[in-house]
Amino acid sequence: MKIAKALIFGGSALAISILAGCRAGGENPGLEYAPQMYHSVAYEPLSQIKDESQGGWLSNREDGKGEFYNSNENNPHGMNMREPVANTVPRNKQGYLPYRLKAFELEPAALIKNPVESSDPVLKDGEALYLQYCNACHGKGGEGDGKAGEVIGGVANLKGGAYINLPEGHIFHVITKGKGRMGAHGSQITEEGRWKIVHYVKQVIQGQATAAAPAAAVDSTMVAQATPAN
């Protein structure tokens, strides 16, 4: 019994001393139990360090290579990043091409048709986005009487005058790029979200069954393809 107690006491003392020795403090950095978690290998996208000995003085990697070795040997041309296929243009998840029209290009913007098909859920999303981003200036009913609109003045009444006949593409472009006192919202609202707001403005606020559009309307992807990138 005494031997068992002595072994337990000795084992406990040994465990405590080992744990105390691992503790950092003063000039003692302690021990790292998962060094790869603390010293992850950073991959530079446009370059590779191919010398496996680089950073060997610092390394505690399990593969025995230097800390600064960061090459992905499966990627060619001395680059870690894989480049897109030549002469291709990226599309978003909805399949749209990048919107490349500039702020002053209102006429070509007016030719773009709304690529988002209208539906009750789309109008509901458009209402939520309108109330979040547009209500402060244009007001809930679109009459330019929002709280912020009362302060800055000159906010468009979407129910009056020439605003009733604005094409979908024009409204989308102004939301995206801004116009006059209205700032650009392209960085705040997704492309699909902006088109949903257009549906809401035309059909709910302005009460139009179908949005006004010129006879020569073209698809948005055609405009994007014909317009050089910014």
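**Entry 1: Y130**

I began with Y130 and listed what it touches, not counting residues up to four places away in sequence: N135, H138, G139, K140, G142, L158, I197, Y200, V201 and I205. I note here that the model I am reading is a predicted one.

I then looked up where Y130 sits, and found it in helix 4. Is Y130 buried or exposed? Its relative accessible area is 1%. The cut-off for buried is under 20%, so Y130 counts as buried.

Y130 and R194 are 64 residues apart along the chain, and their C-alpha atoms are separated by 9.1 Å.

**Entry 2: the nonpolar core**

Next I looked up the largest nonpolar core, which has 23 residues. Which residues touch the most other members of this core? They are Y130, I197 and V201. Helices 4, 7 and 8 each give the core at least two residues. The largest share comes from helix 8, with 6 residues.

**Entry 3: the whole chain**

I stepped back to the chain as a whole. How many helices and strands are there? I count 9 helices and 0 strands. Read along the sequence, the pattern is α-α-α-α-α-α-α-α-α.

The chain has 230 residues, and 31% of them are buried. I looked at contacts with a separation of 6 or more, and 55% of these join residues 24 or more positions apart.

**Entry 4: helix 7**

Helix 7 runs over 168-177. Why do I describe helix 7 as largely enclosed by the rest of the structure? I do so because 9 of its 10 residues are buried. I wrote down the buried ones: E168, G169, H170, I171, F172, H173, V174, I175 and T176.

What do these buried residues pack against? The partners are helix 3, which spans 106-110, and helix 8.

A reminder to myself on helices in general: an α-helix has 3.6 residues a turn, so residues three or four places apart point the same way.

**Entry 5: G178, after helix 7**

G178 follows helix 7, and its phi is positive, near 85 degrees. I placed G178 in the loop between helix 7 and helix 8. At 12% relative accessibility, this glycine counts as buried.

Which residues is G178 in contact with, leaving aside its neighbours within four places in sequence? I found H173, G183 and A184. I also looked up the distance from G178 to A103: the two are 75 residues apart along the chain, with 7.2 Å between their C-alpha atoms.

**Entry 6: two residues between helix 2 and helix 3**

I picked Q48 and N87 to compare. Q48 is in the loop between helix 2, which covers 35-38, and helix 3. N87 lies in the loop between helix 2 and helix 3 as well.

Q48 is buried, with a relative accessible area of 16%, whereas N87 counts as exposed at 82% relative accessibility. The C-alpha atoms of Q48 and N80 are separated by 6.6 Å, and these two residues are 32 apart along the chain.

For N87 I checked the backbone too. Its phi is near 65 degrees, a positive value in a residue other than glycine.

**Entry 7: the largest pocket**

Last, I looked up the largest pocket, which holds about 580 Å³ of space. How many residues line it? The lining has 25 residues. Those nearest the centre of the pocket are H138, A156, V174, K179 and M182.

I sorted the lining by class and got 17 nonpolar, 6 polar and 2 charged residues. Helix 4 (120-133), helix 5 (135-138), helix 7 and helix 8 (191-205) each give the lining at least two residues. Which helix gives the largest share? Helix 7 does, with 4 residues.

Two names here come from earlier entries.

Key
Residues are numbered from 1 along each chain as its sequence is written. This is a predicted model: local features need pLDDT of at least 70, side-chain atom pairs count only at pLDDT 80 or more; totals for chains, interfaces and linings use all residues. Side-chain values use heavy atoms; hydrogens and water are left out. On a 1 Å grid over the protein atoms alone, a cavity is a set of points where a 1.4 Å probe fits but cannot get out, and a pocket is an open set with protein on both sides within 12 Å along at least five of seven lines; lining residues have an atom within 4 Å of a point. Grid points are joined across faces, edges and corners, and a volume is the space filled by probe spheres set on the points. Ala, Val, Leu, Ile, Met, Phe, Trp, Tyr, Cys and Pro count as nonpolar, Asp, Glu, Lys and Arg as charged, and the others, Gly among them, as polar. A nonpolar core is a set of buried Ala, Val, Leu, Ile, Met, Phe, Trp, Tyr and Cys residues joined through side-chain atoms within 4.5 Å. Buried means under 20% relative accessible area, exposed over 50%, partly exposed in between (1.4 Å probe, protein chains only). Contact means heavy atoms within 4.5 Å.
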